[in-house]
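This report walks through selected parts of a structure for someone meeting it here. Please keep the sequence and the 3D view open while reading.

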Amino acid sequence: MRIVAQGLTYTYNPKSPFASQALKGVDLSIEEGEFFGIIGHTGSGKSTFVQHLNALIRCTGGKLQVGEFDLTDKKCDFLRLRSKVGMVFQYPEYQLFAETAEKDVEFGLKNFCKEMDEAQRAQAVREAIETVGLDYDAIRDRSPFELSGGQKRRVAIAGVIVTKPEVLILDEPAAGLDPLGKKELMDLLHSIHGGWCKTVIIVSHDMDEIAENCTRAAVFSEGRVVLCGTPAEIFSRDEKLFSLGLDVPTTAHCALLLRKHGIRIDTDFTCDDFAQKVLSLWQAERGEGQGSAAVKENSAAAKDSEEDSSPVAVKENSAAAKDSEGDSSPAATQENFDAAKDSEGDSSAAETKSADGQGGDGDAE
Amino acid sequence: MEAVRFENAIFSYNDDGRDPAVNGVTLSIGKGEFVAILGRNGSGKSTLAKLINALLLPTEGKVYTCGMDTSDEKLSFEIRKRAGMVFQNPDNQTVASIVEDDVAFGPENIGLAREEIGRRIDFALGAVGMREFRHATPSRLSGGQKQRIAIAGVLAILPEIMILDESTAMLDPRGRREVMEVIKKLNREQKMTVILITHFMDEALQADRAIVMHRGEAVMDGAPEEIFARSDELEMYNLTLPRAAYICKKLQSAGMPVRNSFTAEELAEAICASLHRG
Amino acid sequence: MLNDVTFGQYYPAKSFVHNMDPRAKILFVIAYIVAVFLADNFFGLAAVTVFLLLGVFFSRVPFGRVLRSVKMILFLIIFTAILNLFFYSSGAELHILWQWKFITISWEAIINMVFLAMRLFLLVMGTSVLTLTTTPVALTDGIESLLTPLKWIRFPVHELALIMSIALRFIPTLMDETNRIISAQKARGADFETGGLIRRAKAMIPVLVPLLVSAFRRAEDLGDAMDARCYSGAKGRTKYKKLTFTWRDLVGLLLSAALITGIVFLNLYFGGKFAVFDWIAGNFFVG
């Protein structure tokens, strides 16, 4: 399901002294099949935006289309929409309520798929619980409240994916988990992404997480989308991110510092890719026959014009690196990498133009 | 001088003593030290923290805080005066609806005079950079601000030890940074002993010393750089390296001569040095 | 949507009334309520109204804002008024205006209705001036202080006050939490809006259970946090906030004494609420 928002606006407590405009015209489209990241501070409007996507917040201004659903239409079948667009809230374990894990997971199924018989439901629940990496038989009759923290979160996620939503939205899914728990969770999301779950949208503060998992991301600030593109495009705009008070991934931070020394690394900002690119640079340098002149030349060139493409040697090597990398980096590396280069020449490409949004608004009327 | 000493401390949440959460920990933390305690969820690090200020008492062994035996219940009030604790959830540790009333809670409990409480509020809010929020409502503040108020609430008792039990876990990066700045300053300027329980590796790097907990035992203990250099061991305890250290290790294993580095800054310098050396 | 806004109705401003000690305000409002009930005729109510208007004026809260608090119970006022209009009866003979089967409307009923409606109106207006000018925290402090003498009969005043202030502190937090849980369950297809009473009540279980669990978890955390901050009951505890009585409060107390005395005097001088009726009748119907 393709998601298209045009000039989306939203105000909390309208017409009262406490009115606050959370969305000031959001233009964003998320294609089917993406692993999309949403970045922004608390209060940037990102939560308000994602809650629009399954009509937990009703659309009051602008246009929003999620697959075949027109969310501005009052006659829209919201229940069916919610079965297609699953939403995992922050700390989802706080929504558990039933006597057993099985019954809790079944809750959504009973609400959405009323025509299912008991056997079908039991089968779906088993699948969901096994998908999140838990042992169905061991856990089904236990109270969700006596499980460990990590298990609780998995059960809660199972309770959302049990209806196999085509779009799965997760608000800070890894919050409060330890590093290994975070990694396991991301692996889980990748394992369902591409199957029945066509699109995954995560809201995250962790830039490393975005860089390593997402195909594309959008940066929210003060109710608008200020940057949108591949992680490579977004994180190459480090100055812009800093000015918004946001972080960059470790790799981007490092790349920025290296750039100041005249060393350019073109990377998609995953750790593995970054290491690979540094290595190729190093090997290239060694290969060019102990001559330190080549390096100096390179760095001088980089200093002169940052917009220019990086030294030929690097380009070739990184292309080679891509081949050798295999499965360790996302499939989209190639595109990301090229896109990054394009965007550097014309950096405004990644920035969305609010003028378009107003145009969209006009159409709606 | 010694701030905290564990002598073969054991603690179990079960009455019959099975599955101890802390299982025979012996270690000592000096005054003025900044110690990070790392470990997976359920490794016993929070239990360890609660043993320090007598919220939990060891089932076996001893814990001494500022020289006082925590199992002596008559001393628990004095112990808590010296070892303050900030918790994980910023929403669950404020008692009052106004910042200054909340910060006053501790000083009121230890029976200080009104004027002194006023001075302590002033000092504590100043130390965490929240003086202008004195009359604000905590529920309207950001997570980082709430945690700074919680720290101020502990500071107002003038403790010698500050324990932070995953106090940054629920914060966004900005909030985490704010809190880390405050505790580093306290350690540096007030010579306060800081015990920081965290699973953010980059936070552990800012400490003088890191202790790794695994299944109730303190399995690694040393300078953070030293600990992160033993990456195979860390992996055994299900911990991951800080990303910069991971990249560095990858470069080293491919034969590139870069020196050990743990932060983005260090890594950038190391790569630079290595490349320019050619 | 539930939010902070619906909770409490404090209207921030700097005014004479805002600056008064909460204890004085509470005592004044108690006196005011007594006066409203004591007043036996329209002259008494008129006197109370003058006090109310003065209070509103010196509180600098817009009159419309105070009126809004009446809106919530407007239905109640109208309902009691109508009941009184049609079904008023008393031992004395009535001046009947209109009659249909068992429904009668009499002069007495009309007067009684107006009187009752005014009483309710004044009651709500007066108490809302208190809540509009006093924060819930200050109110709690005031109540605690006023209850202090009860310590002599071992009434747990400190504990009660602490419970009240913690409850106040957690209302916004739990409201946020409720909203979040409702949204999370809606996302799982929960339906809170359709069906009969029983179905709707049942639909609330997935909200109430997590809310309860969360409240207990928070309570446990809070207990630890209070312990860690050396809480050990009222013994040996001091208090930072001290309420101070000023000339404003003295004015308030003197005024409330004056109000009550005035009402008693008016009652004695003019008699019951039908004194007006007698006065009207004496002037227009007789002679």
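Asn111(A) is found in helix H3 of chain A, helices (H or I, at least four residues) and strands (E, at least two) being DSSP runs numbered from the N terminus. Asn111(A) is buried, with 20 other C-beta atoms within 10 Å; a residue counts as buried if 20 or more other C-beta atoms lie within 10 Å of its own, as exposed if 12 or fewer do, and as partly exposed in between, with C-beta atoms placed from the backbone. Leaving aside neighbours within four places in sequence, Asn111(A) is in contact with Arg188(C), Gly189(C), Ala190(C) and Asp191(C), where contact requires that the C-beta atoms of two residues, placed from the backbone, lie within 7 Å. The C-alpha atoms of Asn111(A) and Leu79(A), which are 32 residues apart along the chain, are separated by 8.6 Å.

## Basis of the description

This is a predicted model, in which local features need pLDDT of at least 70 and side-chain atom pairs count only at pLDDT 80 or more, while totals for chains, interfaces and linings use all residues. Residues are numbered from 1 along each chain as its sequence is written, and chains are lettered from A and ligands numbered from 1 in the order in which they are written.

## Where chain A meets chain C

In this model, 23 residues of chain A are in contact with 18 residues of chain C. Helix H2 (78-84), helix H3 (101-112) and H6 of chain A are the elements that give two or more residues to the side of chain A that touches chain C, and the largest share, 4 residues, comes from H3(A).

## The sheet of chain A

Chain A holds an open sheet of 6 strands in the order S6-S7-S8-S3-S9-S10, with mixed pairing; two strands pair if DSSP finds at least two bridges between them. Strand S6 (85-88) and strand S10 (224-229) of chain A stand at the edges with a single partner strand each, so one side of each is left without a neighbour in the sheet.

S6(A) and strand S7 (residues 167-171) of chain A pair in the parallel sense over 4 bridges, and Val88(A) stands opposite Leu170(A) in S7(A).

## A helix pair in chain B

Helix H5 (residues 143-155) and helix H6 (residues 173-189) of chain B pack at an angle of about 25°, with their axes 8 Å apart; axes are lines fitted to C-alpha atoms, for helices over the stretch in contact, and angles run from 0 to 180 degrees between N-to-C directions.
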